[in-house]
Amino acid sequence: MAALRRITTCFRLLRSSTRVLISSGKPAGKWTNILYTGISSLTVGGALCAIPFKQADNLSRDSLVRRAASLVTDSSSTFLSQTTLALIDAITEYSKTVHTLISLQRRYLEALGRLSQVEEDKIWQVIIAQRSEVEDRQDECKRFESTWFIAVKLCETAAEAARTSGAEHASITVSTNIQVALTQVEEAQKLSKDADKKLIEIKVMEVERMAQHAASLQNDSDEEEVPDAYLRED
């Protein structure tokens, strides 16, 4: 937004200067050169509006390139910062959703065998809805992660461009930002990996408990059938 305001201001200044020169009827050579310099700067790239057009003729090409490279690193860092925050938030919400699912399944397994059919159906409806929420959060993580990878690559390219153009400070700054973003995302991913591990463990427990419960029901059924068999023999 700041860059856009600078560009708009530059256009307004150029337009005002043009009106003054046209109304005077005899534009001075100095002001004509300044005006052409400003128009040229705007035409080559809107980012150059960050440099006042009155001073453009006093800067070397190397200086202009370095300033442009610095603007690129600034915008790339902003993009990386926003995508990093979005990805971390998405991972955090995913982890919370997984832990909620784990809690629901654990409570269901603990109550297995003591629930009525109606109660069991209600619990399963909640579990299924929570599983759907986990899938949605996971898709959100993948989407933000894809954008985040692009932001990292963009910053790496911007850092290399700044270094090549001589903007060493800008190159170092964006490289540092990349390392900070990588560290933050890595820490957030540890939480999601831990949640995934616990989810796998509870699924294994669910299979085991369900098998035990089914075997228990089968044994109860067999025991109930024994007296009938003896009665038939008598």
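Thr97 touches Gln130, Glu133, Val134 and Arg137, leaving out residues up to four places away in sequence. Contact here means heavy atoms within 4.5 Å. Thr97 lies in helix α3. Helices (H or I, at least four residues) and strands (E, at least two) are DSSP runs, numbered from the N terminus. Thr97 is buried, at a relative accessible area of 7%. Buried means under 20% relative accessible area, exposed means over 50%, and partly exposed is in between (1.4 Å probe, protein chains only).

The model is predicted: local features need pLDDT of at least 70, side-chain atom pairs count only at pLDDT 80 or more, and totals for chains, interfaces and linings use all residues. Residues are numbered from 1 along each chain as its sequence is written, and side-chain values use heavy atoms, with hydrogens and water left out.

The pLDDT is the predictor's confidence in each residue, from 0 to 100. Its average over the chain is 77, and 68% of the residues score at least 70. Helix α4 (residues 117–165) has the highest confidence, at a mean of 95. Helix α2 (residues 29–44) has the lowest, at 41. The pLDDT is below 50 over residues 13–55, a stretch with 35 contacts in the model beyond near neighbours in sequence. Residues 229–234 also stay under 50. For residues 229–234 the model has zero contacts beyond four places in sequence.

The largest nonpolar core holds 29 residues. Such a core is a set of buried Ala, Val, Leu, Ile, Met, Phe, Trp, Tyr and Cys residues joined through side-chain atoms within 4.5 Å. Leu80, Val98, Trp148 and Leu199 touch the most other members. Two or more residues come from each of α3 (61–110), α4 and α5 (168–233). Helix α3 gives the most, with twelve residues. In soluble globular proteins, nonpolar side chains tend to be buried together. Val98 is in contact with Val134, Ala195, Asp196 and Leu199, leaving aside neighbours within four places in sequence.

The whole structure contains two aromatic pairs. Rings of Phe, Tyr and Trp (its six-membered ring) pair if their centres lie within 6.5 Å; planes under 30 degrees apart count as stacked, over 60 as edge-to-face and the rest as tilted. The ring centres of Tyr108 and Trp124 are 5.3 Å apart and the planes are at 70°, so this pair is edge-to-face. The pair links distant parts of the chain, with Tyr108 in helix α3 and Trp124 in helix α4, 16 residues apart. Tyr108 is buried, at 2% relative accessibility. Trp124 is partly exposed, at 21%. The rings of Trp148 and Phe149 have centres 5.4 Å apart and planes at 50°, so this pair is tilted. Trp148 is buried, with a relative accessible area of 4%. Phe149 is partly exposed, at 45%.

Met210 and Leu112 are 98 residues apart in sequence, yet 8.4 Å apart in space, C-alpha to C-alpha. Met210 is partly exposed, with a relative accessible area of 33%.

One further ring takes part in a charge contact of another kind. The charged end of Arg143 sits over the ring of Phe144, 4.7 Å from its centre. A charge sits over a ring if NZ of Lys or CZ of Arg is within 6 Å of the ring centre and within 35 degrees of the ring normal.
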